[in-house]
Amino acid sequence: MGGTKIAAALVDRQGGVHSLQTVPTGTPGADSLRRGAEVAASVAATADSRGFRILGTGIGIPELVEDGRITSDAVVAWTDAGVEEAFSAYPPIRVETDIYASALAEARLGGGAEEPVSVYVNLGTGISHYLLIEGRPFQGQHGRALMSGSTRMTVLDTERNVLVGGCVEDVASGRAISERYERFSGVSVSAGEVFERAVERGGAARLVADQSIELWGHMVANLIDILDPGLVIVGGGLANVPGLIERVGDVARRAVWSDRARETPVVAATCGPLAGVIGAGLTLLDRVS
């Protein structure tokens, strides 16, 4: 599950993806849940013809999840009871955050497999992260060790002598980038197109794009300073913007406190747009024999 689309597939233990299908997410609640169940059923119907046996259902959603239970309703507004009913044909069911799923794929099959400690950063409809330790995302005590993008930061504006605060996701998520550009220009386009216009036309698009990259870079620098990873892996839909990861890395290297930390590589995720669906499958497969 994502903020804009649902991807479903048959995923094997090696992270192989078969019979991938995608549909728009739809509206929160019953509509998106119905769409998710329908596309999952369509994919499952191909299992016999491919010689696969379905072992269960792994789901990644853009909500907070604690020990497999949904604890927020900010984006898709699914409930535990709704999920149990909608996907009852293919038990057992395991739910995790969508970012956990992507981070697990990168920890197991991507750059995180090469480093004992790394950080996965997601730049997309939402902004988030996971610390990866020995091939697994670290979830914290309550499954919420991922909220770098939505954590409110407060600093002192020394010119005006006032405290100012905000969070990265409110102004530099995919949705926020589109909304900010629309306020400046009166034109509604996707965040990806804002970055395209920044190159082609400059103006408001360049301002929004440059500010977003600066914010992401400082967020990555904070993660490097606080968590001391050997590698930072950047994924999510916006990571596909040409040159974006290099620019984020440049900002991060300027902003980190330690000279030694400036050597921390900032690289592109390797699982690409399949990371979420791969990780959703792996999170279920990890729990079944």
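**Note on the predicted model: sheet, helix packing, aromatic pairs and backbone**

1. Strand 12 (residues 232–235) and strand 13 run parallel and are joined by 3 bridges. Within this pairing, valine 234 stands opposite alanine 268 of strand 13. The coordinates come from a predicted model, and every value in this note should be read with that in mind.

2. The two strands belong to an open sheet of 5 strands, ordered 9-8-7-12-13, in which the pairing is mixed. Strand 9 (136–138) and strand 13 (266–268) are at the edges; each has a single partner strand, so one side of each lacks a neighbour in the sheet. On average, and ignoring direction, neighbouring strands are turned by 35° against each other.

3. Helix 8 lies across strand 7 (117–123), strand 8, strand 12 and strand 13, and runs at about 160° to strand 7. Helix 9 (residues 244–255) also packs on the sheet, where it touches strand 7, strand 12 and strand 13. The direction of helix 9 makes about 165° with that of strand 13.

4. Helix 8 (residues 203–227) has a further contact, with helix 6 (residues 174–185): the axes are 9 Å apart and the packing angle is about 145°. This crossing is right-handed. Helix 6 contributes Ile177, Arg180, Tyr181 and Phe184. From helix 8 come Ala204, Ala205, Leu207, Val208, Gln211, Ser212 and Trp216. By class, the contact residues of the two helices comprise 8 nonpolar, 2 polar and 1 charged.

5. A hairpin is formed by strand 10 and strand 11, with 4 residues between them. Strand 10 (residues 153–157) and strand 11 (residues 162–166) run antiparallel and are joined by 5 bridges. One of the paired positions is valine 155, whose bridge partner in strand 11 is valine 164. In the turn, asparagine 161 has a positive phi of about 55°.

6. The count of aromatic pairs is 3. In one of them, the ring centres of tryptophan 78 and phenylalanine 87 are 6.2 Å apart and the planes meet at 40°, so the pair is classed as tilted. Tryptophan 78 is buried at 4% relative accessibility, and phenylalanine 87 is buried at 6%.

7. Tyrosine 100 and tyrosine 130 form an edge-to-face pair, with 5.7 Å from centre to centre and 85° between the planes. The pair links distant parts of the chain, 30 residues apart: tyrosine 100 is in helix 4 (residues 98–109) and tyrosine 130 in strand 8 (residues 127–133). Relative accessibility is 1% for tyrosine 100, which is buried, and 0% for tyrosine 130, also buried.

8. Some backbone values deserve a look, because most residues other than glycine have a negative phi and most peptide bonds are trans. The peptide bond from proline 91 to proline 92 is cis, with omega near -5°. Proline 92 is placed in the loop between helix 3 (80–86) and strand 6 (93–97).

9. Positive phi also occurs at two aspartates. Aspartate 67 has phi near 50° and is located in the loop between strand 4 (65–66) and strand 5 (69–70). With 65% relative accessibility, aspartate 67 is exposed. Aspartate 228 has a positive phi of about 55° and is in the loop between helix 8 and strand 12. This residue is exposed as well, at 59% relative accessibility.

Note on methods:
Residues are numbered from 1 along each chain as its sequence is written. This is a predicted model: local features need pLDDT of at least 70, side-chain atom pairs count only at pLDDT 80 or more; totals for chains, interfaces and linings use all residues. Side-chain values use heavy atoms; hydrogens and water are left out. Rings of Phe, Tyr and Trp (its six-membered ring) pair if their centres lie within 6.5 Å; planes under 30 degrees apart count as stacked, over 60 as edge-to-face and the rest as tilted. Buried means under 20% relative accessible area, exposed over 50%, partly exposed in between (1.4 Å probe, protein chains only). Axes are lines fitted to C-alpha atoms, for helices over the stretch in contact, and angles run from 0 to 180 degrees between N-to-C directions. A crossing is left-handed if the near helix is turned anticlockwise from the far one by less than a right angle, and right-handed if clockwise. Contact means heavy atoms within 4.5 Å. Ala, Val, Leu, Ile, Met, Phe, Trp, Tyr, Cys and Pro count as nonpolar, Asp, Glu, Lys and Arg as charged, and the others, Gly among them, as polar. Two strands pair if DSSP finds at least two bridges between them.
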